Amino acid sequence: LHDTKNDINLQSDYYKRIAYDEIIANLLVLSQIRKKVKKIKKRKKIFRENLSNEIIKKFKFHLTNDQKKIIFEINKDLKSENKMFRLLQGDVGSGKTIVCLVAAANVIQSNFQTVFMAPTEILARQHYNLAKKIFSDTNINIEILTSKMISSDKKVILDKLKNGKINLLIGTHSLFQKNVTFKNLGLAIIDEQHKFGVKQRIDLAKKGDNDCDVLLMSATPIPRTLVLTLFGDMDVSRLIEKPANRKEILTLSKPEEKINEVLTFIKKQILIGNQIFWVCPIIEESKILDYSAAIKKYDLLKKEFKKKVGLIHGRLNKDEKENVLKKFLNKDINILVSTTVIEVGIDFPNANVIIIENSNKFGLSQLHQLRGRVGRGLS
């Protein structure tokens, strides 16, 4: 395997043997962890579901049958004396966040706190704004904690959290730092869980000791065997049914020589108020790879659409990325030229068109995630 002179044959016996060793080692270790988790006894969450039912009634849509079923499964786990360790897997736009916030309402009603962790500040703020809207007529106190906050504001939040005055804390990686102390943490929700390390997830859940249930979210389709291997046989809930108000996504294929037709289509979309993602496989032009490059496409579109075009890619620092995304979210720009950095999590309800250049250069999972960036607004 380490002899670079020879091409690695993925079907060879020695390659399969090493892969098998890795998988079985993971499975054995995680199965032992799961056995230990199952032995842990926690305080049962006691709630009457009247708060969560009130919240559900306020929604401008009906829950899908899958959402109802999974809320029932989660409630059963919460009321059990066994610690919940559940993965909520669902397609982009299937309503995972709503399910998690309903679970949070029930945990809060049982006098426990909830923490909700997201991988980026812009995604954390989206969850925060949604939660504030959903819990607007209740006495539930919701706060957000990110690394960009000034020290004095952080200190106020950390003091309130320690004294139990915050019911739901939403944030980024800042949440699992040692100085973040909860009075009575009962549920840890982790969005885009694969963006965090195993230790980070454990450190967050440990803040509630044995009483903290864990709910992970992922939009990546994960086969059952892979779940067993990667997550140590955790319970899995799948949201398959899409909400009725989701727009139907139409997928079209165009040859490169018809780029002018695409540009005409985009101009019409901008006129009716839609925003556009334009995704390229690489950042800059390459002598080796004959792929469309994001920077070149950005320069080309800028000539056509002036200041209404933004650019985002992996070489930008975190602040630069978030600044561009905010501009797009606030509709200061109509077209966002990007690499695959936009593939996960972010919700732009006004973006209804995505153009993916050299789509054959992307994996199926990437295309699935990219396609999920559009059609997230209500029809």
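**View 1. Strand E2 and the directions of its side chains.** In this predicted model, take a look at strand E2, where Gln 113, Val 115 and Met 117 point one way while Thr 114 and Phe 116 point the other way. In a regular strand, side chains alternate between the two faces of the sheet. Are these residues of E2 buried or exposed? All of them are buried. With 5 of the 5 residues of E2 (residues 113–117) buried, the strand is largely enclosed by the rest of the structure.

**View 2. The strands that pair with E2.** Which strand is joined to E2 by 5 bridges? That is strand E5 (residues 185–190), and E2 and E5 run parallel.

**View 3. Phe 59 and Phe 61, a stacked pair.** The structure holds 2 aromatic pairs. In the one shown here, Phe 59 and Phe 61 are stacked, with 5.0 Å from centre to centre and 10 degrees between the planes. Phe 59 has a relative accessible area of 12%, so it counts as buried. Phe 61 is partly exposed because its relative accessibility is 29%.

**View 4. Phe 277 and Phe 328, a tilted pair.** Why does this pair count as tilted? The planes of the two rings stand at 50 degrees, with the ring centres 5.0 Å apart, so the pair is tilted. This pair links distant parts of the chain: Phe 277 belongs to strand E8 (residues 275–279) and Phe 328 to helix H11 (residues 318–329), 51 residues apart. Both Phe 277 and Phe 328 are buried.

**View 5. Lysines over phenylalanine rings.** Look for the charged end of Lys 45, which sits over the ring of Phe 112 at 4.7 Å from its centre. A second example is Lys 79, found over the face of Phe 47 at 4.8 Å from the ring centre.

**View 6. Stepping back to the whole protein.** Now zoom out to see 12 helices and 11 strands. How many of the 379 residues count as buried, as a percentage? The share is 47%. Among contacts between residues at least 6 apart in sequence, 75% join residues at least 24 apart. The accessible surface comes to about 20,800 Å², and carbon and sulfur atoms account for 53% of that.

Note on methods: Residues are numbered from 1 along each chain as its sequence is written. This is a predicted model: local features need pLDDT of at least 70, side-chain atom pairs count only at pLDDT 80 or more; totals for chains, interfaces and linings use all residues. Side-chain values use heavy atoms; hydrogens and water are left out. Rings of Phe, Tyr and Trp (its six-membered ring) pair if their centres lie within 6.5 Å; planes under 30 degrees apart count as stacked, over 60 as edge-to-face and the rest as tilted. Buried means under 20% relative accessible area, exposed over 50%, partly exposed in between (1.4 Å probe, protein chains only). Helices (H or I, at least four residues) and strands (E, at least two) are DSSP runs, numbered from the N terminus. A charge sits over a ring if NZ of Lys or CZ of Arg is within 6 Å of the ring centre and within 35 degrees of the ring normal. Contact means heavy atoms within 4.5 Å. Accessible areas come from the Shrake-Rupley method with a 1.4 Å probe; for residues, only the protein chains shown count as cover. Two strands pair if DSSP finds at least two bridges between them.
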